[in-house]
Amino acid sequence: MNMEYSENEVKWIYNNTEYKYEVSEIEFASDMSQCLYIEMIQDGIYEYKLVDFEGKDICSYNENSRLKIYDMDGCSHESNLEDINDILFFGR
């Protein structure tokens, strides 16, 4: 996949369509087998996002142990976890 990122956006092409995901303070972004992984700093706190190839949020978590999981309608469900070690994405 052809993907580029800058401080404020990630751009990629999927199924011959160009997509752009805009968010501030991007530190790193990479494509994985089934989604995009984005690291950013929000208000001095690292946040990590998984985004599908059509630009829809899958989940995000941060250093304060806040986990957000997005459903198919884009609604988020939040939890505060004491210790998040890893997130594994199985696909939809």
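## Surface and overall make-up

In this predicted model, the protein exposes about 6100 Å², of which carbon and sulfur atoms supply 42%. Buried residues account for 33% of the 92 residues in the protein.

The secondary structure consists of nine strands and zero helices, so that the order of elements, read from the N terminus, is β-β-β-β-β-β-β-β-β.

## Nonpolar cores

The largest nonpolar core is a set of 12 residues, namely M3, V10, W12, Y21, V23, I26, A29, L36, I38, M40, V51 and F53. Two or more residues are given to this core by each of the elements β2 (9–14), β4 (26–31) and β5 (36–42), and β5 supplies the largest share, three residues. Apart from this core lies another one, of eight residues, which include Y48, C59, Y61 and L67.

M3, a member of the largest core, illustrates how residues from several parts of the chain come together: leaving aside the neighbours within four places in sequence, M3 is in contact with V10, K11, W12, A29, S30, D31 and L36.

## Strand β7 and its partners

Strand β7 (residues 57–62) is largely enclosed by the rest of the structure, because five of its six residues are buried. On one side of the pairing scheme, strand β6 (residues 45–51) runs antiparallel to β7 and is joined to it by five bridges; within this pairing, S60 of β7 is the bridge partner of K49. The hairpin of β6 and β7 has five residues between the strands, and G55 in this hairpin takes a positive phi near 85°.

β7 is also joined to strand β8 (residues 66–70), in this case by three bridges, and these two strands likewise run antiparallel. In the hairpin of β7 and β8, where three residues lie between the strands, a positive phi near 65° is found at S65.

## Salt bridges

The structure holds five salt bridges. One of them pairs E9 with K20, with the closest N and O atoms 3.9 Å apart; since E9 lies in strand β2 and K20 in strand β3 (residues 17–22), this pair ties together parts that are 11 residues apart in sequence. E9 counts as buried because its relative accessibility is 18%, under the 20% limit, whereas K20, at 49% relative accessibility, counts as partly exposed.

K20 also forms a salt bridge with E22, for which the closest N and O atoms are again 3.9 Å apart, and E22 counts as exposed at 58% relative accessibility. A further salt bridge links D57 to K49, the closest N and O atoms being 3.6 Å apart. In this pair D57 counts as partly exposed, at 21% relative accessibility, while K49 counts as buried, at 10%. Through shared partners, salt bridges join E9, K11, K20 and E22 into one network.

Methods
Residues numbered from 1 in each chain as written. Predicted model: local features only at pLDDT ≥ 70, side-chain atom pairs only at ≥ 80, totals over all residues. Heavy atoms only, no water. Helix = DSSP H or I, 4+ residues; strand = E, 2+ residues; numbered from the N terminus. Buried < 20%, exposed > 50% of the residue type's maximum accessible area, 1.4 Å probe, protein only. Areas by Shrake-Rupley, 256 points an atom, 1.4 Å probe, with all protein chains shown as cover. Core = buried A, V, L, I, M, F, W, Y, C linked by side-chain atoms within 4.5 Å. Contact = heavy atoms within 4.5 Å. Salt bridge = Lys/Arg side-chain N within 4 Å of Asp/Glu carboxyl O. Pairing = 2+ DSSP bridges.
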